[in-house]
Amino acid sequence: MSGYFLYHSIGTFPGKGERMAAALADFSGIWSAEDDGQWPAALATRQRFIDAWIRLIEAPHGTLTTAENVTAALYSLIGALPSERLAGKRLLVAADCFPSLHFLLAGLAQRFSFTLDTVPLRPGESWVRDEDFVARWQEDIGLALITFVTSTASHRCDVAKLAAHGRAMGSIVGVDITQGIGVAPFSVAATPVDFVVSTSLKWLCGASGAGILQVAPDLLSTCRPLLRGWFSQPNPFSWDLDAFSYASDARRFDHGTPAILASVASLPGLQWLEETGIDAIRAQNAADVGRIIDAAMSNGWTIRSPLDAKKRGGSVMIGLPPGVEAAKLVATLRDERLYCDARGTTLRLSPGMVTTSAAVDALIARLRELIGSRQRRAS
């Protein structure tokens, strides 16, 4: 029985250990060889990782590159914008964005002369409503950062609606797709936005350090990244100190010698996803999440995620009642090989392709014992 309910953290897939080990072993052999083939092979693997991401989100070629993480990708994008795009304007973000991004933006506001405007949650609610985000979005918004799926409620926003409003306002529209990509479809071809940031963790079953930044061609051509280096150039081997120029494509967001291992370790997950298909992954996930939600409703547990599957990512969050200690509950489940986590009083459950039906049954049965049954308190 696999009781893995942690796809909102580090995703996995059948045979992940073997495929990841084989990829890293192959790379180790190449990198350790006493010849001159290391860098051509390493950069080719990195490019396969980039190409897999391009196919995944249907992005134009030359618009996507790697980053260490989502925070670094967002910083690189903001630092590259023409000053007039942000100076004297508001930057809009929701209070349920990933906290690391809010920490970054709060620290950059003074340096880049923008005002950070954080749309709050309504009292007693678990996610920021799309209509509340739109209501704060006027023509003085220089940039709006949308969270595709939230990490605290698994709320899935209407990216198409929000992006259309942003275009009408003349704003730069960015989307953090980290918590949704791989279990919910996302396409920049179908839903154009100005930039996308993500990691290869979660539903993509990759390794840490394998973030991405994708920038639409029109915006890309105006960007001058502050963090730049020899790999930012059309020809990295041009070492004329007085003749630096930016590459015409997303390589302008590269800088020093690129990291390779995270791409090597994450490529098997992207390949498995491509082989399996998001529709199959979503179908199994939706069935398992539906069973958990049905049990929660029948037992009167507080559900802190949307009930409408079209407005939900791949997770379901359960509010723990007074008297139930989150850390103790998670530890008790861990002892029984049922793996999940909690944020405050919110239990986060994310079943995926390795999560068995028997594990879902076992989880529901144990939660009935640990939480009990009470009048439902929806939030």
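**Residues, sheet and helices**

Me: Which residues does Asp341 touch, not counting residues up to four places away in sequence?
Reply: Contact means heavy atoms within 4.5 Å. With residues up to four places away in sequence left out, Asp341 touches Leu6, His8, Val330, Thr346, Leu347 and Arg348.

Me: How is the model to be read, and is Asp341 buried or exposed?
Reply: This is a predicted model, in which local features need pLDDT of at least 70 and side-chain atom pairs count only at pLDDT 80 or more, while totals for chains, interfaces and linings use all residues. Residues are numbered from 1 along each chain as its sequence is written, and side-chain values use heavy atoms, with hydrogens and water left out. Buried means under 20% relative accessible area, exposed over 50%, and partly exposed in between (1.4 Å probe, protein chains only). Since Asp341 has 14% relative accessibility, Asp341 counts as buried.

Me: In which strand is Asp341 found?
Reply: Helices (H or I, at least four residues) and strands (E, at least two) are DSSP runs, numbered from the N terminus. By this numbering, Asp341 belongs to the strand of residues 341-343, namely β12.

Me: Is Ser154 buried or exposed?
Reply: Ser154 is found in the loop between β5 and α6 (159-169). Apart from neighbours within four places in sequence, its contacts include Val149, Ser305, Arg312 and Met317. With a relative accessible area of 1%, Ser154 is buried.

Me: How many residues of β5 are buried?
Reply: In this sheet β5 pairs with β3 in the parallel sense over four bridges, and Leu91 has Leu143 as its bridge partner in β5. Five bridges join β5 to β6, which also run parallel, with Thr147 opposite Asp176 in β6. The strand β5 is mostly covered, the number of buried residues being seven of its seven.

Me: Which residue in β7 is the bridge partner of Asp176?
Reply: Strand β6 (residues 172-176) and strand β7 (residues 195-198) pair in the parallel sense over three bridges. The bridge partner of Asp176 in β7 is Val197.

Me: At what angle do the axes of α1 and α2 cross?
Reply: Axes are lines fitted to C-alpha atoms, for helices over the stretch in contact, and angles run from 0 to 180 degrees between N-to-C directions. The axes of helix α1 (residues 16-32) and helix α2 (residues 38-57) come within 8 Å, and their crossing angle is roughly 150°.

Me: How do the residues of the contact of α1 with α2 divide?
Reply: Phe27, Ile30 and Trp31 in α1 meet Gln38, Trp39, Ala41 and Ala42 in α2. Ala, Val, Leu, Ile, Met, Phe, Trp, Tyr, Cys and Pro count as nonpolar, Asp, Glu, Lys and Arg as charged, and the others, Gly among them, as polar. The residues of this contact of α1 with α2 divide into six nonpolar, one polar and no charged.

Me: How far apart are the axes of α10 and α11?
Reply: Helix α10 (residues 326-335) and helix α11 (residues 357-371) pack at an angle of about 145°. The distance between their axes is 11 Å.

Key
Pairing = 2+ DSSP bridges.
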